[in-house]
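Here is a briefing for a reader who is new to this structure.

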Amino acid sequence: MPVLLHDTMSREMRPLLPKAGKSTFGMYCCGPTVYGPAHIGNFRTFILQDVLRRTLEVDGLKVKHVRNITDVDDKTIRGAQAAKTTLTEFTKTWTDKFHADCEALGLLAPHVEPSAVAHIPQQVAMIKALVDKGHAYVSKDGSVYFKVSSCHGYGKLSHLDLSKRETQSTNSAGEANDSDEYDRESASDFALWKSRKPEDGANFWPSPWGEGRPGWHIECSAMSLEHLGVTFDLHGGGIDLCFPHHENEIAQSECATGIPGFAAHWFHSAHLLVEGEKMSKSKGNLYTLDDLKAKGYSPVEVRFALIAGHYRSSLNFTIKGLEDARSALNKIEKGTERLLTAAGFSKEEFAAPTKQEIQTSWGRFAPAWEVLQNDLNIPGCLGQIFTVLASKSDLTTESARQDLSGLAKILFALGLKLFTSAPAQGVPADVAELGAKRWAAKQAKDFVSADRLRLELVELGWTMLDRKDGYDLKKS
RNA sequence: GGCGCGGUAGCCAAGUGGUAAGGCCGGGCUCUGCAAAAGCCCCAUGCGUCGGUUCAAUUCCGACCCGCGCCUCCA
């Protein structure tokens with residue numbers, strides 16, 4: 001059964017399948033602008049796209065996932081200048097950081113990760129096609145603009161009727177829209193090519209219209225064409241990209257190629273609120289992965305918290321939510337351990353589910369998978385998982401293995417890697433010694449000393465957890 | 001103003017025309033010298049408000065109230 005997903009353009013639930021005659025499902029996702037560390041809002045979108053890709057793969061599709069790197073724009077150029085380095089060096093630093101965070105968060109690397117700077121010729125070629133076909137014009141300063149009025153159907157994705165729309169004098173950041181700054185024919189027209197300016201420094205490229213650099217929107221059109229073809233199966237991004245970015249991509253691509261149906265399906269994820277407020281630097285509620293790691297949360301806990309709400313609803317990210325995620329994840333691990341025991345598998349065997357017997361069945365997790373396939377309902381799927389893990393069942397080795405087969409596939413789809421919590425931190429010698437002493441006292445039934453030693457450990461910031469046959473020391 | 005999303009227990013959050021998944025927190029119990037861990041059990045006559053349709057509505061329709069997003073920086 002194919003995965004069903006809501007499509008922004010048609011506003012309908014539609015099955016995800018490769019185009020007729022194709023065996024690969026092509027998906028293009030707008031990637032990060034690499035001018036600083038990505039924040040958890042960025043990652044929510046990338047994680048959701050990752051879950052979609054994984055779900056399609058578990059469903060049996062061959063997916064080609066393309067996610068770009070935006071490495072030339074105002075912010076990257078300014079950032080490089082402020083850092084007194086080259087654009088290449090600057091964007092490499094932040095691209096590397098992005099990759100490290102992605103890996104920590106369990107994101108599968110896209111199959112292709114094209115960079116805007118590496119696709120200047122393709123962008124120039126597309127702009128040239130648009131100029132030749134009368135969909136773009138060259139301004140006096142050598143910039144090139146897309147002529148929105150020349151594009152039939154412009155606004156079909158975001159359902160905006162530009163003819164009825166009044167041009168706003170400010171954007172949502174309160175900055176004046178620069179409709180008078182350039183010699184555009186219409187305020188709705190957008191830049192395809194920006195002519196070289198002194199403040200661009202060394203960052204310019206040749207073009208038929210003179211030196212300059214590409215506009216923002218054209219890169220995704222050019223790179224999706226290069227790597228996925230004239231039309232492809234799904235395009236994703238944060239909801240804020242719906243207009244104007246994605247709308248402009250459609251206009252550019254369809255006008256340049258003359259072929260409609262740029263992307264068959266549009267996948268937009270809702271934004272993140274932090275502690276009930278819009279995330280912003282000025283409010284100080286903009287978290288990066290490093291910020292949360294510094295607070296003691298693991299990447300998998302962050303990932304869980306970020307997927308705990310439906311992708312089309314905005315998610316209120318809170319530290320309490322991270323605590324909830326930690327407890328919930330622990331509950332899944334404990335339940336999974338019980339299944340592993342019943343199945344006679346080790347944790348390692350579960351972490352790498354290559355065994356035939358744990359790849360063939362869904363066991364009791366079939367309903368959880370069905371829920372996930374229906375518009376990527378991750379919270380519903382998690383609910384099903386907990387229901388099964390808590391339900392009474394006479395497990396046999398065989399049934400437990402079938403359950404594990406289903407659970408492994410679902411956890412792969414969600415990208416939740418179990419049993420990865422950092423192993424016990426190094427225990428200082430003095431703490432270890434106190435622990436050993438208390439254990440000895442307890443064995444000797446000298447409970448007065450044992451209790452005193454427990455308190456001493458607490459004062460040092462350590463908790464001693466007794467087991468039947470030994471003990472663990474945990475930092476509290 | 002235009003377009004769109006949402007209001008479900010203390011918090012988070014699914015879902016359905018036939019009477020509310022799940023997680024967290026909380027409470028109880030079992031186990032345990034203590035503590036913790038773990039396991040088990042309990043926890044919304046209620047789904048923003050008011051009307052309507054229906055044998056039956058939280059679920060459909062209408063109105064209203066409230067919150068939020070986008071409308072050329074944004075994931």
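A residue counts as buried under 20% relative accessible area, as exposed over 50% and as partly exposed in between, using a 1.4 Å probe and protein chains only. Helices (H or I, at least four residues) and strands (E, at least two) are DSSP runs numbered from the N terminus. This is a predicted model, in which local features need pLDDT of at least 70, side-chain atom pairs count only at pLDDT 80 or more, and totals for chains, interfaces and linings use all residues. Residues are numbered from 1 along each chain as its sequence is written, chains are lettered from A and ligands numbered from 1 in the order in which they are written, and side-chain values use heavy atoms, with hydrogens and water left out.

**Chain A as a whole**

- Chain A contains 15 helices and 15 strands.
- The C-alpha trace of chain A spans about 90 × 50 × 35 Å along its principal axes.
- Of the 476 residues in chain A, 47% are buried.
- Chain A exposes about 22,500 Å², and carbon and sulfur atoms supply 53% of that area; accessible areas come from the Shrake-Rupley method with a 1.4 Å probe, and for residues only the protein chains shown count as cover.
- A contact means heavy atoms within 4.5 Å. Among contacts in chain A between residues at least 6 apart in sequence, 75% join residues at least 24 apart.

- Two strands pair if DSSP finds at least two bridges between them.
- Strand 9 (234-238) is mostly covered, as five of its five residues are buried.
- Strand 9 pairs with strand 3 (residues 24-29) in the parallel sense over three bridges. Tyr28 has His235 of strand 9 as its bridge partner.
- Strand 9 also pairs with strand 10 in the parallel sense, over four bridges. Gly236 stands opposite Phe267 of strand 10, and Gly238 stands opposite Ser269 of that strand.
- In a regular strand the side chains alternate between the two faces of the sheet.
- Strand 10 (residues 266-269) is covered on both faces, with Trp266 and His268 buried on one side and Phe267 and Ser269 buried on the other.

**The surface near RNA strand B**

- A residue is near a molecule or strand if one of its heavy atoms lies within 4 Å of it.
- RNA strand B is surrounded by 52 residues, and the closest are Trp216, Gly238, Leu241, Asp324 and Asp451.
- The residues of this surface divide into 14 nonpolar, 22 polar and 16 charged. Here Ala, Val, Leu, Ile, Met, Phe, Trp, Tyr, Cys and Pro count as nonpolar, Asp, Glu, Lys and Arg as charged, and the others, Gly among them, as polar.
- Of the atoms of RNA strand B within 4 Å of the protein, 62% belong to sugar or phosphate and the rest to bases.
- A polar contact is a pair of N or O atoms within 3.5 Å; within protein, one must be able to donate a hydrogen and the other to accept it, and residues adjacent in sequence count only if both atoms are side-chain atoms.
- A backbone N or O atom of Gly41 is 2.7 Å from a base nitrogen of RNA strand B.
- Gly238 has a backbone N or O atom 2.3 Å from a sugar or linking oxygen of RNA strand B.
- An N or O atom in the side chain of Asn330 lies 2.6 Å from a phosphate oxygen of RNA strand B.
- The elements that give two or more residues to this surface include helix 1 (40-58), strand 9 and helix 9 (319-343). Helix 9 gives the largest share, eight residues.

- Asp375 lies in the loop between helix 11 (366-373) and helix 12. Asp375 counts as buried because its relative accessibility is 4%.
- A polar atom of the Asp375 side chain lies 2.9 Å from the backbone nitrogen of His6. Not counting residues up to four places away in sequence, Asp375 touches Leu4, Leu5, His6, Met13, His310, Tyr311 and Arg312.
- Leu157 is in the loop between strand 6 (144-146) and strand 7, and is buried, with a relative accessible area of 0%.
- Beyond four places away in sequence, the residues that Leu157 touches include Thr8, Met9, Trp266 and His268.
- Gly201 sits in the loop between strand 7 (190-195) and strand 8 (212-214). Gly201 is partly exposed, with a relative accessible area of 31%.
- Gly201 touches Gln81 and Arg196, not counting residues up to four places away in sequence.
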